[in-house]
Amino acid sequence: MEVCPQLPVLPLDRPVPQHVLRRRGAISLGPGAWGSALFGGPSPRQLCKRRGGVSYTSADQAVLYLHLLGDVRQRGPGPSEPEQRAPHSHVQVDYQSLHCLQGPVRPGARGHRSRCRRLSFQRFLKNPHLLRQQTPGPLHLVDQEYTGQVKCMLNKVDSWDFDIFLFDRFTNGNSLVTLTFHLFLQLGLTRLFRLDPIKLHRFLVMVQADYHQLNPYHNYLHAADVTQAMYCYLREPQLAETLSSCDMLLALVAAVTHDLDHPGVNQGFLVRTGHHLAALYKNSSVLESHHWRCAVSLLRESALLDHLPPIDRLNLEERLGSLILATDISQQNRYLARFREHLDRGDLSMAEPSHRHLVLQMTMKCADICNPCRVWRLSSQWSSRVTTEFFHQGDVEKKHGMAVSPLCDRLSDSTAHIQAGFIRHVVEPLFREWRRFSCTSLSHRMLAHLQTNLDRWTARSQRPETTS
């Protein structure tokens, strides 16, 4: 295979730095890779678990080439550019050690100018260099070994039983980029809006990189799952026959970015610790406002929509914000009451732009919390993940002498108890109203799964010895 001469070359007898292995890239295995183990190199299966782009050539088995989405220089602050952090007013919480693992810092590493990082939880994380460069040659989105399986799954991307966990393994941890890129093509959005595929790919890579990988629940995999659910809803007759192409573009972008740069803690935690975002957004929809601003930042940096008139871009950004803000769970009753009122009066008209946008907001809400409506083998995994994240916040609160937030105490709460209450009070009311609006086989199927999962969690919560 052809090797770019500008790529860094590391002999096999040198350990690959951890900050290199963790970078997201594309794995491309040449014909010599399958015999690399004979020369002391890792097996292809082990390579597939790495975060770099790794390739071997049959001509030179003694060298390991790291194909990264950029250079391998340390992206953290250098000695000449010290990082300044403002302390919290109430509790000193180190978000760096709490939500990310920092690789070894190389002496003399160069600093960089980050984009809008003053408000970001990831100001200490490293970003792929591709985000600011055009990449020569083809973009290897999927490891060659799994191309067939990925294509097979993408052919069934409209299935409600789509296994995003399996898809993520097949794409070597690039499920969000691969899935969303495919959906843009599937819906014809790249052609309709004249989107540059390179810019679109760069935007999606930046989005995936800005999700905190170490969050058990609010990570890029959750965003990919929500995006797949959104696509299923967009294919429902009530939406497919009435939504404009602009509505569909907004729906997909909102699904992809709706939890961007989520810190893995809730709004109450940020308010009580005096976090600067809580002050910035006046303690109202703090996280959702931050997700929206991060999404707009990435859209502008990637120049994905720069070819559109400025007034249209601003309008899209505002509408995108209203969709992301609709995911604030504390505001659910307000959105649900308005939606129910229209359904009761029978005056919900998809020809009316404001009504159509309300439906898009409800669609976004359904996609965001649809996990309990999935089949049990998928739903139970999400339940375990979100509970783990809750309990992690509770552990941090105990460590700092704070009152433990509701549902975050691993000693008094359980997954079964949390999920049963969440389904009864939040998920079921929303999806019953959704079925009134879109009475299709998918809606009936989601409620059937929801009832089955509720029965299981209720039964488990009634057993005192059950803790998960």
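Residues 24 or more positions apart account for 76% of the contacts with a separation of 6 or more in the protein chain of this predicted model. The chain holds 20 helices and three strands. Of its 468 residues, 57% count as buried.

**Confidence of the prediction**

- The pLDDT of the protein chain averages 79, and 68% of the residues score at least 70.
- Where pLDDT is low, the predicted coordinates should not be read in detail.

**Helix H9 against helix H11**

- Two packed helices are described by the angle between their axes and the distance between the axes.
- Helix H9 spans residues 220–234 and helix H11 spans residues 245–257; their axes come within 8 Å and cross at roughly 155°.
- Angles over 145 degrees count as roughly antiparallel, and H9 is therefore roughly antiparallel to H11.
- The crossing in which H9 passes H11 is right-handed.
- On the H9 side, the contact is made by Ala223, Val226, Thr227, Met230 and Leu234. On the H11 side, the residues are Met248, Ala251, Leu252, Ala255 and Val256.
- Sorted by class, the contact of H9 with H11 has nine nonpolar residues, one polar residue and no charged residues.

**Helix H9 against helix H17**

- H9 also packs with H17, at an angle of about 130° and with the axes 8 Å apart.
- This angle makes H9 oblique to H17.
- H9 and H17 cross in a right-handed manner.
- From H9, the residues His222, Val226, Ala229, Met230 and Tyr233 take part in the meeting with H17. Their partners in H17 are Thr363, Met364, Cys366, Ala367 and Asp368.
- The contact of H9 with H17 comprises seven nonpolar, two polar and one charged residues.

**Helix H15 against helix H17**

- Helix H15 covers residues 310–325 and helix H17 covers residues 353–368; the two pack at an angle of about 45°, with their axes 8 Å apart.
- H15 is accordingly oblique to H17.
- The crossing of these two helices, H15 and H17, is right-handed.
- Arg319, Ser322 and Leu323 of H15 make the contact with His357, Leu360, Gln361 and Met364 of H17.
- In terms of class, the contact of H15 with H17 has three nonpolar, three polar and one charged residues.

**Threonine 227, a residue of H9**

- Threonine 227 lies in helix H9, and the residue is one of those through which H9 contacts H11.
- With a relative accessible area of 0%, threonine 227 is buried, because buried means under 20%.
- Apart from neighbours within four places in sequence, threonine 227 is in contact with Leu176, Leu179, Thr180, Leu183, Leu252, Ala255 and Val256.
- Among these partners, Leu252, Ala255 and Val256 belong to the H11 side of the contact between H9 and H11.
- Threonine 227 and aspartate 368 are 141 residues apart in sequence, and their C-alpha atoms are 8.8 Å apart in space.

**Isoleucine 198, a residue of H8**

- Isoleucine 198 is found in helix H8, which runs over residues 197–209.
- The relative accessibility of isoleucine 198 is 29%, so this residue counts as partly exposed.
- Isoleucine 198 and leucine 304 are 106 residues apart along the chain, and 9.0 Å separates their C-alpha atoms.

**Two loop residues with positive phi**

- Asparagine 172 has a phi near 55°, a positive value in a residue other than glycine.
- The loop that holds asparagine 172 lies between helix H5 (164–170) and helix H6 (175–186).
- Asparagine 172 counts as buried, at 10% relative accessibility.
- Alanine 303 is not a glycine, yet its phi is positive, at about 60°.
- Alanine 303 sits in the loop between helix H14 (286–302) and H15.
- The relative accessible area of alanine 303 is 15%, and the residue is therefore buried.

How values were computed. Residues numbered from 1 in each chain as written. Predicted model: local features only at pLDDT ≥ 70, side-chain atom pairs only at ≥ 80, totals over all residues. Heavy atoms only, no water. pLDDT = per-residue confidence, 0-100. Axes fitted to C-alpha atoms, helices over the stretch in contact; angles between N-to-C directions. Helix = DSSP H or I, 4+ residues; strand = E, 2+ residues; numbered from the N terminus. Parallel < 35°, antiparallel > 145°, perpendicular 65-115°, else oblique. Left-handed = near helix turned anticlockwise from the far one by under 90°. Contact = heavy atoms within 4.5 Å. Nonpolar A, V, L, I, M, F, W, Y, C, P; charged D, E, K, R; others polar. Buried < 20%, exposed > 50% of the residue type's maximum accessible area, 1.4 Å probe, protein only.
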